[in-house]
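User: Could you walk me through how the labels for this model were assigned? I'd like each one set against its cut-off.

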Amino acid sequence: MTTILTSTFKNLSTTSKWALRFSVRPLSCSQLRSAPAVQTKSKKTLAKPNMKNIVVVEGVRIPFLLSGTSYKDLMPHDLARAALSGLLHRSNVPRDVVDYIIFGTVIQEVKTSNVAREAALGAGFSEKTPAHTVTMACISSNQAMTTAVGLIASGQCDIVVAGGVELMSDVPIRHSRKMRKMMLDLNKAKTLGQRLSLLSKFRLNFLSPELPAVAEFSTNETMGHSADRLAAAFAVSRMEQDEYALRSHSLAKKAQDEGHLSDIVPFKVPGKDTVTKDNGIRPSSLEQMAKLKPAFIKPYGTVTAANSSFLTDGASAMLIMSEEKALAMGYKPKAYLRDFIYVSQDPKDQLLLGPTYATPKVLEKAGLTMNDIDAFEFHEAFSGQILANFKAMDSDWFAQNYMGRKSKVGSPPLEKFNIWGGSLSLGHPFGATGCRLVMAAANRLRKDGGQYGLVAACAAGGQGHAMIVEAYPK
């Protein structure tokens, strides 16, 4: 009997094995909500000998809006320019002292492929200030920030602006490959006969457009479909996902009403009113959320529009300096950027588990434990993704069998986790979310008197990122 069970278990898919394991210990949001508060101890700084301290002087974002709303007639560099202008206005940093500018983006506008440069010129930065654009899916602005850290730590720069932008209201839609080839060949044709010969090969199906999709190139699976499978693998119910989504929207609404989302700068949209707040925050009820049909795996899936992040337009920007330079210029920094890590996993079954893999590694690198963290800011792609990561992080079995670790790192206590809302409610402009996460952690630490924040995010390709943020002494 044992042999049969062992053989059967070996033949199961990875997600089926997880489902068998995690269905034994269902974890509800109500259980998480009542988690006891962790008592923090007096902590030392994470400054390292012979290494520069890198600080965040200021960070802003324009309001994150549902795609197809007030930003729909703009271009990505317009949003990025607005974020840069807001940063300049709030920080009063002279434009010509910035050594370098880096922006992250995911779905690039062809006309402004180096959106960092176009936005910088539009915002009035010196034409002599270099700028480049990076892309790493949902952690693109994380990559922009850590690239800035590297430039400063290595002594190449003292002042770097990092940020990110995404405009989902106007994504590039391409002609089919056959149509593109014909158009290029027509452009090269030199005689009428050559043009007529090419046109004779035209077929109506050449006009079928190629639409961009939030799908993995390597697996051809949409992220939502993967999130639904992940939720099933970790036995995360539809009710748990809806409860978590409602929590995110409720906390975001509370933070918005109480003025905690102080990183937002107003944006006067040309020809329209000034936008001052995020417009995707929509607290509902579990009864209303339960009425929605599955969005990806039909009819039995559990991921819906209500428990998923929505397509978002937005931009963010941060002023990053060496501590020495910031103090010399008379600034009071908001936070230190400390240790960070990037991870990659199987893009099929572990696409959205980046935080699970990155969190213990960055904690070990910094010499910290989960109990040392005062503010957790994780990217919320889907409710099911967050709750699956919680279960994976809280499982010795998963740590031992999939991560090569002796024991679990533990799941974050909810009273410290995304308490001003998250991507589910505030929105998720792919290229801009990382900066929002870091500023949320920094601002929460300043408000509540905490010392350490932990930022983590998953990304397409099975990648992930985590960073430790340390409060700057008051």
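Analyst: Let's start with the strands: β3 (residues 100-104) and β5 run parallel, joined by five bridges. This is a predicted model, where local features need pLDDT of at least 70 and side-chain atom pairs pLDDT 80 or more, while totals for chains, interfaces and linings use all residues. Residues are numbered from 1 along each chain as its sequence is written, and side-chain values use heavy atoms, with hydrogens and water left out.

User: What makes β3 and β5 a pair?

Analyst: Two strands pair if DSSP finds at least two bridges between them. β3 and β5 have five, so they qualify. One of the contacts to look for is I102, whose bridge partner in β5 is A162. The strands themselves are DSSP runs of E, at least two residues long, while helices are runs of H or I with at least four; both are numbered from the N terminus.

User: How do you know that β5 also pairs with β8?

Analyst: By the bridge count again: eight bridges join β5 to β8 (residues 312-322), and this pair runs antiparallel. In β8, S316 is the bridge partner of G164.

User: Why is β5 called mostly covered?

Analyst: Buried means under 20% relative accessible area, exposed means over 50%, and partly exposed is in between (1.4 Å probe, protein chains only). Eight of the eight residues in β5 (159-166) are buried. Both sides are covered: I159, V161, G163 and V165 point one way, V160, A162, G164 and E166 the other, and all are buried. In a regular strand, side chains alternate between the two faces of the sheet.

User: What makes D339 and K48 a salt bridge?

Analyst: The term needs a Lys or Arg side-chain nitrogen within 4 Å of an Asp or Glu carboxyl oxygen. Here N to O is 2.6 Å, so the pair passes. D339 sits in β9 (residues 335-344) and K48 in the loop between α3 (29-33) and β1 (54-61), so the bridge ties together parts 291 residues apart in sequence. D339, at 6% relative accessibility, is buried, whereas K48, at 36%, is partly exposed. The whole structure has 19 salt bridges.

User: Why is a group of residues called a nonpolar core?

Analyst: Because its members are buried Ala, Val, Leu, Ile, Met, Phe, Trp, Tyr or Cys residues joined through side-chain atoms within 4.5 Å. The largest one has 51 residues, and those with the most contacts inside it are W18, F234, F398, L454 and I468. Helix α14 (residues 383-393) gives the most, with six residues. A second, separate core has 41 residues, among them L84, A119, V269 and A317.

User: Which residues does F398 touch?

Analyst: Contact means heavy atoms within 4.5 Å. Leaving aside neighbours within four places in sequence, F398 is in contact with W18, F22, F234, Q350, L353, T356, Y357, A392 and M403.
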